[in-house]
There are 2 protein chains.
Amino acid sequence: MSEERRLAVLRAIVEDYVHTREPVGSRVLTERHGLGVSPATIRNDMAALEEAGYIAQPHTSAGRIPTDKGYRLFVDRLAEVRPLTTPQRRAIETFLSEAIDMDDVLGRAGRLIAQLTGQVAVVQYPSLRLAGLRHLELVPVGGARLLVVVISDSGRVEQRFLDVGVGPGAEPSVVAVDAPAGPEPDPGALDEGTLSVLRARLNAAAAGKGLEDLPDAFAHVVAGMDAALAPLARGIADLVVDTLGAQREERIVLAGTANLARAEMRFEQGLSPVLEALEEQVVLLGLLTELASEPGGRVGGGVGVRIGHENRLDGLAETSVVASGYGGDGDTVAILGSIGPTRMDYPGTIASVRAVARYLSRVLPG
Amino acid sequence: MSEERRLAVLRAIVEDYVHTREPVGSRVLTERHGLGVSPATIRNDMAALEEAGYIAQPHTSAGRIPTDKGYRLFVDRLAEVRPLTTPQRRAIETFLSEAIDMDDVLGRAGRLIAQLTGQVAVVQYPSLRLAGLRHLELVPVGGARLLVVVISDSGRVEQRFLDVGVGPGAEPSVVAVDAPAGPEPDPGALDEGTLSVLRARLNAAAAGKGLEDLPDAFAHVVAGMDAALAPLARGIADLVVDTLGAQREERIVLAGTANLARAEMRFEQGLSPVLEALEEQVVLLGLLTELASEPGGRVGGGVGVRIGHENRLDGLAETSVVASGYGGDGDTVAILGSIGPTRMDYPGTIASVRAVARYLSRVLPG
DNA sequence: GGATGGCACTCGGGATATGAGAGTGCTAAG
DNA sequence: CTTAGCACTCTCATATCCCGAGTGCCATCC
């Protein structure tokens, strides 16, 4: 009862099950994989594997299927890395290099992963790097609202609404819903001249400053201002600092949700829980972050794998997540990955995720 | 065999079927709706309605279900408008007014519609209004790429990558994939000084100009430039004009896809075709545009309804789309809507879509 | 001691039969 | 024009059966 053969049996079970989607019995195991022993022998090994919790049978007298634990062993020790083919790599590079802007890059990355893996892809927007302010633009928009556009040195662009006339702070209060449509005579300080002054002073104050120096620089500007303008200036300054300092970016893009409905993806519980989990972007984001940052459960190349119940989310109990960080200079600024049934092609998925992550890291603004 | 009663029967069939999701027979029709006649009478009416193509029976001796044509008649002439309750309106306003920026507004609008209708929501990003250039920012990003940020007078912000060192034009060519990661010594004209000059001149040239005057203004700048810089300047100028002039914005956001998997939504063909159709954003966008712009097939308040096969998309043959334009000053700048099974609550869906569209129109930068 | 062949046993799932119920169309009468 | 009665049709749910795949165990062999 050699240990190696038992592992070989487990690998064969995983590969066969992933391929056929049906519980695999001792007979087909000996036939389809060159194990060189009889079904009876395999049965003994399978009994041992089941005892150890690596495989299970859906019901008595059916074939065996791998458990989460079995997949885990497979991923950690048995899976052979299967690098992408050169044409595949080339296709990735071509497709991504055609992107027109950042949104497009991430959208394409998602579609790419979805297509390569046949599963759902999830791509997190890169967090705003801690970087200086490159330009601040103020645009008045309908009513008493101001659009504050922040462009950082690293090339990130963020927009925020600011309700004027109310107190400063990042949380705008409820806008008056009864206000007539269209621009109205500005009650306060929204005329172009004022805005120009504000914009010029704030930009000048921020020029060349690092993020840590911004609050002081802005405070100076605010202090040297008319009493009438000071509150507005302070509101803007706070908003900018807040925006630049916000570490995590909450947006993620999904792609390939249609793959969930494909016949290959029969989930026991149906796909409602999965779809619901995918819509809980905040939770999903937490999962990804956790996954990318934990030292354990990772395979080569910075790719992390969470299998079945290892995901805390109930909705993803029947799925596995393969994710990798990506980012400009080797440090992870965001995460992207693929989500599919636990019965997935792990080597292929890992290779695809890694390839796209690497390419993104290379091409993204550092 | 009064005409009104026949229509009443049709209305009752639609309402009952929408409610119970089961073919409705003559008996329950008389019981649940106060029609005041016997089942036999109803049967005669139903025979006539079937003859006219408004209803059909899934198989002999089952109840009747409305056809697309039947729904159409219902929507056009029989549906009673059912305005939202005041608390509902208030919830919409509160939830949307908490949005932090444009992305957030549209995301919230989508989730709102999805939740109100229990269906899939689709929200198109507003097209870039034809407006002047407010500010142009140039940020060098890793390698030979330039990030061009365009802020228009109307508050729209667009970002585009531009590969430098290659010809001008909006289509960047394939970036060299073998380039080492990280910033490299700029081969051409990407140093800060040069960029400052370019930015200053281009911004100055554009100040106060309308969109139509931009090309000329930029051409002047380019003409007065060093031969070394002229190509880059022209590249940027072209990109900006192209970006501002692009009429249609391709992005849309979806929300509530999880609703598709709910038990209430059993589609004959399964949901694969639906999910696939939803992923074809370009086609979907075409559908929405068409829907919002056609004069026919609209009900009150600018809301358009497409029922079943009226959608050209095969994947949406079993679904109806309820959509409305929205936009700042009464003119439609983008579209939003809800997609669900043809057997949907039309009055409720129409009311929800209209309410959100109206609120967005009122609150969005004009 | 591990590998193998034989064998009785279990169980899921497909095919078939059956019956109940809902609904219809038609006809004749009010 | 409406209504009651009636024979007919068809779906769906239930029950039953049977086949085959697969197992566990035991005796045997190398």
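Tutor: Helices (H or I, at least four residues) and strands (E, at least two) are DSSP runs, numbered from the N terminus. A residue is near a molecule or strand if its C-beta atom, placed from the backbone, lies within 6 Å of it. This is a predicted model, in which local features need pLDDT of at least 70 and side-chain atom pairs count only at pLDDT 80 or more, while totals for chains, interfaces and linings use all residues. Residues are numbered from 1 along each chain as its sequence is written, and chains are lettered from A and ligands numbered from 1 in the order in which they are written.

Let us begin with DNA strand C. It is surrounded by 22 residues, and the closest are Val37(A), Thr41(A), Thr60(A), Ser61(A) and Gly25(B). Two or more residues come from each of these elements: α3 (39-51) of chain A, and α2 (26-32) and α3 (39-52) of chain B. The element that gives the most is α3(B), with four residues. For the classes, Ala, Val, Leu, Ile, Met, Phe, Trp, Tyr, Cys and Pro count as nonpolar, Asp, Glu, Lys and Arg as charged, and the others, Gly among them, as polar. By this division the surface near DNA strand C has 11 polar, eight nonpolar and three charged residues.

We turn next to DNA strand D. Around DNA strand D there are 23 residues, of which Gly25(A), Ser26(A), Val37(B), Thr41(B) and Ser61(B) come nearest. At least two residues each are supplied by α2 (26-32) and α3 of chain A and by α3 of chain B. Here the largest share, four residues, comes from α3(A). The classes number 11 polar, nine nonpolar and three charged residues.

Ser61(A) is found in the loop between β1 (55-56) and β2 (65-66) of chain A. Its phi is near 60 degrees, a positive value in a residue other than glycine. Most residues other than glycine have a negative phi. A residue is buried if 20 or more other C-beta atoms lie within 10 Å of its own, exposed if 12 or fewer, and partly exposed in between, with C-beta atoms placed from the backbone. Ser61(A) is exposed, because 6 other C-beta atoms lie within 10 Å.

Arg21(B) also has a positive phi, of about 60 degrees, although it is not a glycine. Arg21(B) lies in the loop between α1 (3-20) and α2 of chain B. With 14 other C-beta atoms within 10 Å, Arg21(B) is partly exposed.
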